[in-house]
Amino acid sequence: MISNHEMFDVTNATIIRKTACFFSDQLDVYIDTSDGVNDDLGIHEYCARMLRCIQISKGKRFLFFKAAHSNIWSKNLESLAESNNGKVIPFFKWSFNDDFYSYVLPNIEKLRKMSPESSIDYDIGMFADFRKKYSYPKPSKLDKRISWQDHEYFQIEGTSPSTGNYEIDSRSAILDKLKESNYTILAGSRGYQEYISASMHCSATINPPGIGEYTSRMMDQTAIGNLIILRKNSYDQGHSWKEYIPEVDFNSQNWKQDIQLILDDRNLWIEKGAYYYEKIWSPESVFNFMIQEIIREL
C-alpha cells in the first residue's frame, strides 16, 4: 500500500536499523518496528533510534510512529521527540514470521473453519522454546539513554565497552505458575504448522513475552479464530487491543480466577479478537491510520 501511494517513494535501502524512513520538504516520517522492552525489566526504552532520527531530520518537523508503544517505558522517547520538533505516535506491530504470510494467509478461511471443529483437549497452550534465553543490553557508560551496543548500531558518537546484559525469564516464570494450577497444559516448541494445529486443541493460548511484550502469535491466533491471552502489560497499539484481546496479571493472587472468567467467555473473546484482526488490524486500517496522522500534521 505504501509503495502504491503517491505520497511515498519507496526504496529498499536501510537508513536506520529496523526503521522505515520517509522524507519530504515539510515533514519526515519514521516507523519504528522494534520490540520495545519486556515489562519485567522495569526500564525505559533506549533512545538511540530517536537520536539518529533527530540527527537526520536536522530540526525539521517529524513524526515517529512507534509500533510497540508503552504508556510507561516510552515516555523518554516522547519527551526527546517533543523537545526536537517531533512527535511520537503509537502505531501497530504486524507479524514478523514469514510462515504467517506463506501458510496462514493463503489458508485463512480453511483454518477458520477447522478451529471451531477441533476437539478441545487442553485448557491452555503455551508454544515457545523455553530453553531459549533472552537478553537485553545494559546502558552505555557514556550515555545512559542508549545501550552499549547502540553506538555501533545507530552511529552514535563515542564507544562503550560491554556493560553486560539483562536476562529475561518471563516465559518460564509464566509456565511455572501455570503448572501449579489445575489447568491442563500443552507447552513447548513446535514447527509453525504443527503449532497452529495444536493451538486449535486448546481452549486458549498464552502469549509468551520475549524481548518485548508483543509476539506474532497474537496475530496468528486472532487471524484463525482462536483465543489468545496476554499477560497484563503496559504496551498497546494505535487503536487499543485492550478491549479485544484479554490480559491477565500473573502477579495477582486472583490470576487463576481471571483466566477462568476468560475461558467462561471464550466465544465472546474469540469474536472480539477476530473483529480486531479484521477491522482494526487490517493493512487497510493500519495504512489509513498512518495517512490520517500525516495529513493532520500537514
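1. In this predicted model, Lys93 is located in the loop that joins β5 (86-90) to α3 (98-104). With a relative accessibility of 6%, Lys93 is classed as buried, because the limit for that class is under 20%.

2. The surroundings of Lys93 deserve a listing. Apart from neighbours within four places in sequence, Lys93 is in contact with Thr33, Ser34, Asp35, Ala67, Ala68, Tyr214, Gln237 and Trp281.

3. Two of these contacts can be described at the level of atoms. The Lys93 side chain reaches the backbone oxygen of Thr33 at 2.8 Å, and it reaches the backbone oxygen of Ser34 at 3.3 Å.

4. Turning to the helix, which residues of α9 (residues 255-264) are buried? They are Trp255, Ile259, Ile262 and Leu263. These residues lie on the same side of α9, because the arc they cover around the axis is only 100°.

5. The face of α9 turned away from this buried side bears Leu261 and Asp264, both of which are exposed.

6. Both helices and strands contribute to the cover over the buried residues of α9. Among the helices are α6 (170-180) and α10 (266-280); the strands include β6 (122-126), β10 (202-206), β11 (228-231) and β13 (247-248).

Key:
Residues are numbered from 1 along each chain as its sequence is written. This is a predicted model: local features need pLDDT of at least 70, side-chain atom pairs count only at pLDDT 80 or more; totals for chains, interfaces and linings use all residues. Side-chain values use heavy atoms; hydrogens and water are left out. Helices (H or I, at least four residues) and strands (E, at least two) are DSSP runs, numbered from the N terminus. Buried means under 20% relative accessible area, exposed over 50%, partly exposed in between (1.4 Å probe, protein chains only). Contact means heavy atoms within 4.5 Å. A polar contact is a pair of N or O atoms within 3.5 Å; within protein, one must be able to donate a hydrogen and the other to accept it, and residues adjacent in sequence count only if both atoms are side-chain atoms. The arc is that of the directions from the helix axis to the C-beta atoms.
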